[in-house]
Amino acid sequence: MVNRIGGHSRGAMSVGHKTMAKAEQEKKGTFKKVLSGSVDVALQATSAVAPALLPGGTLLKMGADKLYQLKNGEQAQGQELDKMWQMQQDSQMFNMQYMQLQQRIQADNRDFSAMSNLLKVRHDTAKAAINNMHA
Amino acid sequence: MMAKANAETIDPEVRAQAGRELGRAMVLLEMEESEAALQACERAVGLAPQDATPAVVRALVWQAMGRGREALMELKRITRAWPESALGHIHFAEACFLGGRERAGWRAMDRARQVCETEDERALWGAMQEAWGAPRP
């Protein structure tokens, strides 16, 4: 037992110190990662929720997007967001066109029903008038 | 009124014969035998010249044959000869609408509304208004 305690050399102490420093470093790294993740989540949440909930939310969203880009410092990420934004705009445009098409189809259906009813009633009335001549 | 009185005093058998001719005309028209339908109408008009119905049906046959102008003039004549004929007014209105004379058509529709008597005539008036009432795009 004494031997073991006495066996602690200077080198062993040095290794122990280095290990502790490394652990400290890793601990610091973890905190940084967690903080970074939290900031990312906060920015993304702001970007997603702000336009729907807050007045002037679109501006806030743009700001959050920009901050996100700056923070990550990745051009590719910004380009992805731009693409998503563009796709969202395209989607809105297609939705609008689809709605207009549906409205036109409904109007055509109404016209068709009216004309179909007119033809039927027209025929029935002529038939009734002719039958009236037999009486 | 005079025309109506004349139509009522016509021999019922002759009137019935005219009715059969008109029925034949309607069937022929559905079979797209327009010329034969028109001939049947002419026979009906010859049998019952005092009655508005044969003249109206003949105008409808003309319209189906694409002779819109003749149909319009005939229906106009019918509305004057038989002002109490709702069918005449309604079909005159339709001819006006088809000819692009909307205002004249709506005037005829107003006159038709005043003389509609039977349920069929009112139904036709309603269907006509529904079909032509909505503004065209």
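This is a predicted model: local features need pLDDT of at least 70, side-chain atom pairs count only at pLDDT 80 or more; totals for chains, interfaces and linings use all residues.
**View 1. The largest nonpolar core.** This core has 32 residues. B:Ile90 is among the residues with the most contacts inside the core, together with A:Leu118, B:Leu124 and B:Met128. At least two core residues come from each of several helices: helix H4 (75-134) of chain A, and, in chain B, helix H4 (52-64), helix H5 (68-81), helix H6 (86-98), helix H7 (102-115) and helix H8 (119-133). With 8 residues, H6(B) gives the most to this core.

**View 2. The contact between chain A and chain B.** Chain B brings 29 residues to the contact, and chain A brings 17 residues. The size of an interface is often given as the accessible area lost when the parts come together. Here the two chains bury about 1,900 Å² between them, and 69% of that lies on carbon and sulfur atoms. On the chain B side, the residues that lose the most area to chain A are B:Arg15, B:Met26 and B:Asp120; together they account for 22% of what that side buries.

View 3. B:Ala16 sits in helix H2 (residues 12-30) of chain B. Is B:Ala16 buried or exposed? Its relative accessibility is 8%, and buried means under 20%, so B:Ala16 counts as buried. Not counting residues up to four places away in sequence, B:Ala16 touches A:Met133 and A:His134. B:Leu47 is 31 residues from B:Ala16 in sequence, and the two are 9.5 Å apart in space, C-alpha to C-alpha.

**View 4. The second largest pocket.** About 460 Å³ of space lies in this pocket. Its lining has 18 residues, and those nearest the centre of the pocket are A:Ser47, A:Lys61, A:Asp65, A:Leu81 and A:Trp85. Helix H2 (10-53), helix H3 (57-72) and H4 of chain A are the elements that give two or more residues to the lining. By type, the lining residues divide into 8 nonpolar, 5 polar and 5 charged.

Technical notes. Residues are numbered from 1 along each chain as its sequence is written. Chains are lettered from A and ligands numbered from 1 in the order in which they are written. Side-chain values use heavy atoms; hydrogens and water are left out. A nonpolar core is a set of buried Ala, Val, Leu, Ile, Met, Phe, Trp, Tyr and Cys residues joined through side-chain atoms within 4.5 Å. Buried means under 20% relative accessible area, exposed over 50%, partly exposed in between (1.4 Å probe, protein chains only). Helices (H or I, at least four residues) and strands (E, at least two) are DSSP runs, numbered from the N terminus. On a 1 Å grid over the protein atoms alone, a cavity is a set of points where a 1.4 Å probe fits but cannot get out, and a pocket is an open set with protein on both sides within 12 Å along at least five of seven lines; lining residues have an atom within 4 Å of a point. Grid points are joined across faces, edges and corners, and a volume is the space filled by probe spheres set on the points. Ala, Val, Leu, Ile, Met, Phe, Trp, Tyr, Cys and Pro count as nonpolar, Asp, Glu, Lys and Arg as charged, and the others, Gly among them, as polar. Contact means heavy atoms within 4.5 Å. Buried area is the accessible area (1.4 Å probe) that two parts lose on being put together, summed over both.
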